[in-house]
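User: I want to learn how to read salt bridges and nonpolar cores in a model. Can you walk me through one?

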Amino acid sequence: MKIGIIGTGYVGLPTGVGLAELGNTVICVDKIKEKIDALNAGKLTLYEDGLEEMFAENLKSGRLKFTTDMRQAVADADVVLLAVGTPPHPITQEADLQYIYAAASELADYLTGYTVIATKSTVPVGTGDQIEQLVRQQNPTAQFDVVSLPEFLREGFAIHDFFHPDRIVIGSNSSQALEVMQKLYQPFADKTKILCVSRRSSEAIKYASNAFLAMKIHYINEMADFCEKAGADVREVALGMGLDSRIGNRFLNAGLGFGGSCFPKDTMAMAHMARAVGAPIELIETTIIGNKKRKQRMAERVLATLKDMPHARIAIWGLAFKNGTDDCRQSPAIDIINELLDKKSDIVAYDPKAMTTARKILGDKIAYADDMYAAAKNADVLVILTEWPQFADADLTHLAKIMRRQKILDFRNMLKAEDALKLGFEYQCIGRSITLQGE
């Protein structure tokens, strides 16, 4: 099949590579010429674990192409995927659909033959109706249907998730469109559930899923606070909870709060939609407020550790919102750093993959180190903010020698507390009553 994909970000690019790997001809379109030139030259414009080799192979084979020409991507396509951003509106915090509508309006002129327009972007309930109306007005003779095709790819695991999906949801009000989409996803028919629902239900499934997972993260973070006060270990509590099949063990890692390009904006959009239809969801509203306060409290914990050191040097390990990606959008690490910068802190940071993207956000407000030990050298406190696996393997003996003061705030529970304490570190983690030099 010929597939056009509009957008080459964290959704569009992995999806395009995956569909090309399945044998389809995929043409990805983006307005940013520099990005398209880089991709055509074989240079990835984002980091995603497992993406590089598959991208190179499909680019070389000719199954995967990139262009700034909308016509090239859309003309004669069987399916056109909309994978552009839907950022929060700066005032209302609802999903801003200007890029979706602009893309739909532009592609309408180039439709030839019957085409399925599949909305991969996360959009409010009813957006498919608006896209259909817009395209129909723009090109009254076009033969097309609009379906909702929500993405459930986890950043950092997008390639794995593409080929091993929990489910594939297709929201369609057209049997013809449904037939085309089932053909596209036929390679998954025998190994995963393909759920066919109405278009509006499909749009709601995405928001309902992300909002629930965000609430689950907020819950375990509040439970971590309780465990610290009560003398329990949140890791053991989470393990016991996760063994209950009704709860499951995923999204029960206590930490800094949720971030990234999905949960923050999707919870706000869901809350806005619920208020708009007269059915406010207080659990989501509380989660949004609590998540913001969570990051502020984590910054306050750092500052409390340094209250007697006005010119302290803070080492930061981790800038991406989670491991496996270079994405720093709504990263708790960035939010915490900004809180610390307000107190005129001296910060040196390191991240294995997100240095470039973080620098675009923070600029020269902080210093950047070439490796994690260089960041920690002469530091008064080390703060771990992203759960990169290599941080768990840190040489604590070496850290003890190079740091000016032996203080570690492990906000991702990466290190072995017992080892840190034996070496004389003042060690704090999340959800355990470990402070100072004893437990």
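Analyst: Start with one pair. This is a predicted model. The side chains of D161 and R154 form a salt bridge, at 2.8 Å from N to O.

User: Is D161 buried or exposed?

Analyst: D161 counts as buried because its relative accessible area is 8%, under the 20% cut-off. R154 is partly exposed, at 26%.

User: How many salt bridges does a search of the whole structure find?

Analyst: The search finds 25. Take R199 and E132: their closest N and O atoms are 3.0 Å apart. R199 lies in helix 9 and E132 in helix 6, so this pair ties together parts 67 residues apart in sequence. R199 is buried at 5% relative accessibility, while E132 is partly exposed at 27%.

User: Which salt bridge does R405 form?

Analyst: R405 pairs with D380, with 2.4 Å between the closest N and O atoms. Both sit in loops: R405 between helix 17 and strand 13, D380 between helix 15 and strand 12. They are 25 residues apart. D380 is buried at 1%; R405 is partly exposed at 37%. Elsewhere, shared partners join D129, E132, R199 and R200 into one network.

User: Now the cores. What is the general idea?

Analyst: In soluble globular proteins, nonpolar side chains tend to be buried together. Here the largest nonpolar core has 69 residues. I314, W317, L319, V383, L399 and F411 have the most contacts inside it. Helix 13 gives the most to this core, with 6 residues. A second, separate core has 40 residues, including I3 and V147.

User: What does W317 touch?

Analyst: Its contacts include Y350, M372, V383, F391 and L399.

Notes:
Residues numbered from 1 in each chain as written. Predicted model: local features only at pLDDT ≥ 70, side-chain atom pairs only at ≥ 80, totals over all residues. Heavy atoms only, no water. Core = buried A, V, L, I, M, F, W, Y, C linked by side-chain atoms within 4.5 Å. Buried < 20%, exposed > 50% of the residue type's maximum accessible area, 1.4 Å probe, protein only. Helix = DSSP H or I, 4+ residues; strand = E, 2+ residues; numbered from the N terminus. Contact = heavy atoms within 4.5 Å. Salt bridge = Lys/Arg side-chain N within 4 Å of Asp/Glu carboxyl O. Lists of a residue's contacts leave out its neighbours within four places in sequence.
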